[in-house]
Amino acid sequence: MPPLNDPAAVEAAVRQAVATTTASDIHTHLFPPSHGRLLLWGVDDLLTYHYLVAELFTFAPRELTTEKFWALPKTAQADLVWEHVFLRHGALSESARGVLTTLSALGLDVAGRDLAGMRRWFAAQKVEEYLARVFRIANIDYAVMTNNPFMAEEAGCWKAKLPKPDCLKTALRIDTLIVNWPAAAKAMRAGGYKTTASPGAAAFAQARRFLAEWVKILQPVYLAASLPPEFAYPSSAVSSKVVDKVVLPTAKEFGLPVAMMMGVRKGVNPALGDGGDGVGESDVTALQHLLQEHPDAKFIVTMLSRVNQQELCVLARKFSHLHVEGCWWFCNNTSIIEEMTRMRLELLGTAFTAQHSDARVLDQAIYKWAHVRTILADVLAEKYRNLFTAGWRPTEDEVRREVRSLLGGAFEEFCKK
Ligand code: FIX
Ligand code: ZN
């Protein structure tokens, strides 16, 4: 491939590569269609996404209490979100715009605002074909799920060996084990493991047996957990001991990375359900100590607070067994995605994963990837313009190679290390 000797040709190559390179979606909340209602999809699930429920209550009249809302059927809940967030207040938030991006990409007439007509269209879709259609439009080759053995309904689906399409990979999600040992011990005890509420060596050994069983059932890409801002390591807290005695030994035994999502303050407003979680600044030294103490482990990390992003990038420069990924949750907004992507390119080159969709509703993968590709194209176009000015002449293949790195290639290289 000849080098690109013209800045306009470089920019065109960047935009073409970002628009057409397949992404790997390394963190989602999707489920196999065989798991039934666990897989959310369609316009009513889009409209009742917990981000939009929280936004509804920033507009809703006082007489609409959360109790009344949760007592309504899903279509009535969706009607309220549609009326207040979209029709009465203009759909200007990232998650509201996302619904519109998705519906338009599916070829639906968003300008017509015909919710009933859109419902009829979704009712005619077959979930297996629709999942393939969403992946095609979003241009993703696979999505890593969030698979929680402590959620009885989901555990039952895996134990029943229900079918899973190859485009869905698994992640073994173990928040409960780390942040709520009594509840985890109770659940494991119910499964025949001798795990006591006050953990000791024997209980930790049983918990390792539990994890080993689930690694065999799920064959996960990684172990994963979200952690509160207060998570400290090392510390006298049970969470630190569980990481040391259960999580890391299992990760090392099976050669699995540990994905940590740091900084979520769970249940700030429980009345909002999944939408009630908040954010807090994490102590990045907890991650630094993990990296220093465990050079033989691999860590994939995203942090929820905008404040933590630079420290996280600097740590990734210091430790090659740390991989930075995604603009998580409250960072998944145009302004913050742009800032984080620019910072990460400047500090890490292409040694990070630009985004995960975190899609809880299948259809969201369409907008989450469309929105980040627009931002990534603009940021990369500027970075390549700067390189051109410095005399660098990339080829089209090199530009495509760098874009693929940012959209899953660097992650796959890291996992293979
Ligand atoms: O912990 C997580 O995986 C979070 O992404 C979710 O709990 C959260 O509700 C979410 O979906 C954010 O986008
Ligand atoms: Zn998530």
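A polar contact here is a pair of N or O atoms within 3.5 Å. In this predicted model, local features need pLDDT of at least 70, side-chain atom pairs count only at pLDDT 80 or more, and totals for chains, interfaces and linings use all residues. Residues are numbered from 1 along each chain as its sequence is written, ligands are numbered from 1 in the order in which they are written, and side-chain values use heavy atoms, with hydrogens and water left out.

Ligand 1 makes a few such contacts. An N or O atom in the side chain of arginine 173 lies 2.6 Å from an oxygen atom of ligand 1; for histidine 50 the distance is 2.8 Å, and for histidine 27 it is 3.2 Å. On its own, ligand 1 has 330 Å² of accessible area (Shrake-Rupley method, 1.4 Å probe), and the protein covers 98% of that. Residues around ligand 1 (a heavy atom within 4 Å) include Tyr49, Trp328, Trp329 and Asp358.

Where does ligand 1 sit? The answer is the largest pocket, going by more than half of its atoms lying within 2 Å of the pocket's grid points. A pocket is an open set of points on a 1 Å grid where a 1.4 Å probe fits, with protein on both sides within 12 Å along at least five of seven lines; lining residues have an atom within 4 Å of a point.

Notes
Polar contact = N/O pair within 3.5 Å; in protein donor to acceptor, adjacent residues only side chain to side chain.
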